[in-house]
Every structure is written in structure tokens, then in C-alpha cells.
Amino acid sequence: MLTRRATRSGIPPLRQYLAESWRYRAFAVYWSRADVKARNFDTLFGRVWNVLNPLLFGVIYFVFVGIIAGGGLDQLDRFGFIVGNLYVWLFFNGTVTNGVGSIQSGAGGVLAQSAIPRVILPVASALSAASLFLRSLIAYVPIHFITGRGVHLEVVWLPLAFVATVMFGLGIALLLAVANVYLRDVSRLLPHLLRLWLYLSPVIWQFTRLESQGSEMVERLGRINPMYHAMVVWTVGFGGDLPGSDESVAASMLVFSVWAVGALLAGFLLFTSREDEFATRN
Amino acid sequence: MRPATDAIQIRDLSVSYSVVAERPNAGRRTSLVRSTERRLIHALNGVSFDVAAGQVMALIGGNGAGKSTLLKTIVGVLKPVGGQIDLYGRPHLLAPGMGFNRRLSGRENVVLGGLAGGMSLDEVREKQDQIIEFADIGGFIDMPTTTYSSGMFGRLAFAVATHIDTEILLIDEALSAGDAGFRERAVAKVQEMCRAAKTIVVVSHSSTMVAEMATHAVWLHQGQVRRTGELGDVAEEYAAFQAAGGETAQMDRSIADR
């Protein structure tokens, strides 16, 4: 027997909620596949854009850093560093942006007409972002070898960093999706906030630069940023150098993992405690 | 305690939700922030009735009476603020096109729509050919649905929605898709669903044919049950009420929340 009754807003019975979510797992996978497939469907290059787009971002930022910041355009190693890190950032960015958007769009009437556990939609968006990221690595692998990074042992950190990035991105997406239901301005602010976060994270610049400038405060603030630790692990995993002499990849992985678990837990609890209101507030 | 024959028991159900509305006289003011406010709508108030297993129940009432709200509460989209609904079976709201991605082909949307409707992957695979055959849109099935006419899209969406097995079927959408020939098959299909499902609740305007299958009716007026009983009696009383000009705009149940 199913019962619909008045209850105070709050977290639903978790076992029941997770079982119901599991029932819709195939929908999450197919919705995600459809999302990936539907992108760029009306363009000449089609799915190639999934690989080309982050690559072009990499080229633009390489030129930007080379010319504006005076890094020069002859440092192939820097190109590999920028492209690899940007792929990771676009992966995180996509998880957050699409996750928030999935609730706002209502996912083809799913939100307004069915009782599917709402968490399925941001999860499907995270799957899309992860799938696009893995595809974009097709372009990264040759760049990795051309820029002389070669084969190295640190690559073992990448699967862990991947899982933690999915969890952290999904957690942030769940938190912001709820905020956006109550205040639509969040979705307007989101691209700007993510762009700012990109520049505050060691994605296109080496963190050591700030340290060499002796800005201790910036360095300290930088380490509060969970994406600082994420990028340390990704950078090293891609064969780059540690940002600082006193850095430890294991420590950064631990810190980022704690952030990832915390964000996912907080996001999930807030999201599920509020999802009853999504249909009427959308 | 559940009587052996009931499929749905609704007791003292109240549902409220808030909507964003423009403030009165907003156009005359210049403001840096939005000129809207959130209003609380008391859509249902103290609604109680039972639907027996195997019964086809029609919901009757004017616009804004709370019929759609009631169906959405039964299916679980909206949450009661008071009272409760006990369901002895899984409900399904017939919602053509739910879960579709317009950029994908019809064939791919059959899978997406079926999964969104609660079918398992095996079920979707098993019924895919049947659904495609029912939609009868020829070679377009492998084309993106953006290339479809509205009639073709409606046929496909309807075909998917009506191939989902359920114990409690809720019908609110207008069931008019495609040409006259297809409409005939569509009504026959819904009638078949009605026979297969143990219980049906249908909003009276959805489909004359389906509503005609109803044996009992609930008349909702301004979010409250005005009358329940056999369809003929309730419909007759409702018609008399309408003729006397009793059906007025029913949005006066909202109050300013802030």
C-alpha cells in the first residue's frame, strides 16, 4: 500500500527513497545518453564537438596565458598542463551547471507529471558530464605524449580524483539546484561564479607563481578552496609537477575526498528534504 | 481498515501550493527588484471519497475546481498539507510525451518515455515494436522528433503513454492525437487500458468516450467535494448547477503569502 499524507518538510525515509531511485536507474542512464547524443546534433561535426570544444578552450587559454600573462607560446609542456586541467574543470563545470539546469527545465515534463525521485535528474546530468569528460580524453592522450609527459606512476591517482570530482560536483549541483528553485537569480549568477572559481583554482596557472610572489594570504585562501586540492591531484595524475615543495598528493586527495563526501551528503539531504516543493515552484 | 474492494481511499485531503504572481498595479511602479509576489493557493480542502477497485470514477467540476491537483496528489507530484490518500496499487498519470527529448529519434524516445513512465528496460524492449506499430508513423520513427508534425508527435507520445501497465490509471490530458482514424484507435486503446487497469480516475473533459465509461463521479467545487455518487445523478445535478450560473471563476481561494 502507498500512502500520501501530510508530513512536515524533511528528509524522506532513506531506504524507501533510495530503493525508488534505484528503480529508475535505467532512466538516468538513458536520459544521460540522450543528453550527450542530442548535443550538437544539428552541427556539421556533431559529436566531434564534444572533443573539439574543450580542446579549443585549451588553445584559447594557452594563447591567453602566453600573450597576456607573458608565458610565451613555445612551451609545449604548459599547453599539455592547461588542456588537461581545463578538461577536468569543464567536467566539474558541466556536472554543476547541467545538474542545476535539469531541475529548472523540468526534464521533459518528468518533474510536473511523475513522482520520480528528483535526485535522478542531477545524477543523470553528472553521468552526462562524466561521459563527455571521458570522451574528451581521446584528444588529451596524444597531447599528453606530444608534450612529453610520458608514462608515469602518478596516473594511479586519476580514478580516485575522477570519483571524488563526480561526488563533489554532484553535491554542489544538488545544493545550488535547491537554491535556484527558491531564487532563480542563482542560475543567472552561476556562470559568473564558476568562471571566478576557475580563476581562483590552479587550473590555468601554476600555484607556485603566487607562492613565489610571497602572497601568504592568497596561498592560505587558496588552500581553503576544495578545487585547489582537486587540481593538485589531477595535475600530478596527468604527470605535472606539484604546486609547492611542501605539497603531498595523498594529503590533497584526502582533503578533497572529505570535501566531496561532505558536499554530496549535505547536497543530498537538503535536496531530498525540499524536493516536494519543486513541482509547484518550477 | 481497508474495505476489501477499495483501491483508493481519500480522507480529509487538503492541498495548498504557492505560485508566483504579478503584484497588483505593478506596472505603475518603477522598481529595481521584481514586481511579483508568491501567493498560496488552497487547491483542495477536506476532500474525502473512496474509489473501489475496478471502478471508473469521473471527476467533474469547473476550471480551477481542483481536479488536476487531485490527480497530481494521487500520483505523488504534489504533497498534501492535511489528510491522507491510501493507494492499493501503483498509480500512473497518463502523460503523453513525458521524458521525451525532441532532438532524438522516435525509436529512442520510445525507450526514454517508457523508462520515465516507470517501465523496466526489459519491458520497454519487449513492447517497443508494439508501441511503434501502434504509433504507425512509418519511416519517421528513426528521424529526430523535431521533424515530426504535431499530429505525428502526438501519436508517438500517446502510443508510449498507453503501453505502460498500471493498477491505478489517472487520466487528465486531452486524448486527441492524430487524425480521425487514429483517434478511434486511441479511444479503443484507452478503453483496453481501462479494462486492464483495476481502477481509473478520469477528469471529465479528457475524453468523452472514457468519461462515458465511468459509473461513478465526484463533483469538485472550489476545492471541496460537492457531491459523490452514480455518474447519472451527479452529472444531472452538476448540469443544473451550471445552467443556474453557479459555475464562476474559482481562483478566489488564494491568499497573499507575502
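**Pockets of the predicted model**

The second largest pocket in this predicted model is lined by 26 residues, and A:Asn53, A:Phe57, A:Leu90, A:Asn93 and A:Gly94 are the ones nearest its centre. A pocket here is an open set of points on a 1 Å grid over the protein atoms alone, where a 1.4 Å probe fits, with protein on both sides within 12 Å along at least five of seven lines; lining residues have an atom within 4 Å of a point. Its volume is about 570 Å³, taken as the space filled by probe spheres set on the points, which are joined across faces, edges and corners.

At least two lining residues come from each of helices H3 (48-67), H4 (76-105), H6 (120-146) and H8 (185-200) of chain A, with H4(A) giving the most, 9 residues. Helices (H or I, at least four residues) and strands (E, at least two) are DSSP runs numbered from the N terminus. The lining comprises 16 nonpolar, 8 polar and 2 charged residues.

Turning to the largest pocket, its space amounts to about 1200 Å³. Among its 47 lining residues, A:Leu2, A:Arg4, A:Gln16, A:Ala115 and B:Gly76 are closest to the centre. Two or more residues each come from strand S1 (2-5) and helix H1 (14-23) of chain A, and from helix H1 (67-75) and strand S5 (91-94) of chain B. H1(A) contributes the most, with 5 residues.

Residues are numbered from 1 along each chain as its sequence is written, and chains are lettered from A in the order in which they are written. Local features need pLDDT of at least 70 and side-chain atom pairs pLDDT 80 or more, whereas totals for linings use all residues; side-chain values use heavy atoms, without hydrogens and water.

Note on methods. Ala, Val, Leu, Ile, Met, Phe, Trp, Tyr, Cys and Pro count as nonpolar, Asp, Glu, Lys and Arg as charged, and the others, Gly among them, as polar.
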